[in-house]
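Keep the viewer open as you read.

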Amino acid sequence: MTSMLIIDIQEKLLNAVFNTYNVRTNSEILAKAAELLELPVFITEQYPKGLGSTVIPVIGKVYEKTAFNAIEDIKLLQDLKNSSNKKVIVFGIETHICVHQTVTGLIENGFEVTVISDACGSRFQEHYEAGLECMKANGAQIKPTEMVLFELLKSSKHPKFKEIQSLIK
């Protein structure tokens, strides 16, 4: 089984990234897919008092944080370990800061990490690209939304195939 970790998709952060539309759209698709596939979802919010709450409709446990590496919150790391899922799908804001540092921490703790490239954002494209490059060099797989959705399904015979397919049409 796979878990999903959504990092800091909050109003003030989302409005500042260069690829706002893609991040919002693909994050919503992924959140809906997680619900349909009954994946455990973990959500972080960086200083929500100042940056606002998560702006996509998603069901999951929310962790408030101030550290850039979200798993420095011992509770989140413990909850991820307790989920017994060694695979974690990660996406959010900002690619080169919180996503990168969290992914590095996950890999160091033995998780297999897939970063969803078209659901991550940064203020500047070069920062976004640098973050993806670093995460790949550290051992993360970098994939787009659609690729991951079909990997989760494995087959068109999956009972949720039509519902997942309808999310990307």
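F161 comes out as buried, at 15% relative accessibility; buried here means under 20% relative accessible area, exposed over 50%, and partly exposed in between, with a 1.4 Å probe and protein chains only. F150 counts as partly exposed at 30%. This is a predicted model, so local features need pLDDT of at least 70 and side-chain atom pairs count only at pLDDT 80 or more, while totals for chains, interfaces and linings use all residues. Residues are numbered from 1 along each chain as its sequence is written, and side-chain values use heavy atoms, with hydrogens and water left out.

(Rings of Phe, Tyr and Trp, the last by its six-membered ring, pair if their centres lie within 6.5 Å; planes under 30 degrees apart are stacked, over 60 edge-to-face, and the rest tilted.) F150 sits in helix α7 and F161 in helix α8 (residues 161–167), so the pair ties together parts eleven residues apart in sequence. Helices are DSSP runs of H or I with at least four residues, strands are E runs of at least two, and both are numbered from the N terminus.

The count comes to three aromatic pairs. One of them joins F18 and Y128, also edge-to-face, at 5.6 Å centre to centre and 75 degrees between the planes. F18 is in the loop between α1 (11–14) and α2, and Y128 is in helix α6 (residues 125–137), so this pair bridges 110 residues of sequence. Y128 is buried at 13% relative accessible area, whereas F18 is partly exposed at 37%.

Now follow the chain into α2 (residues 20–37). Its 18 residues reach 25 Å from first C-alpha to last, close to the expected 26 Å, which is 1.5 Å times one less than the number of residues. Its buried residues include V23, N26, I29, L30, A33 and L37. Just after the helix, E38 takes a positive phi of about 60 degrees.

Last stop: the largest pocket, about 420 Å³ in volume. It is lined by 19 residues, with T2, K87, E151, L152 and K154 nearest its centre. A pocket is an open set of points on a 1 Å grid over the protein atoms alone, where a 1.4 Å probe fits, with protein on both sides within 12 Å along at least five of seven lines; lining residues have an atom within 4 Å of a point.

Notes:
Points joined across faces, edges and corners; volume = space filled by probe spheres on them.
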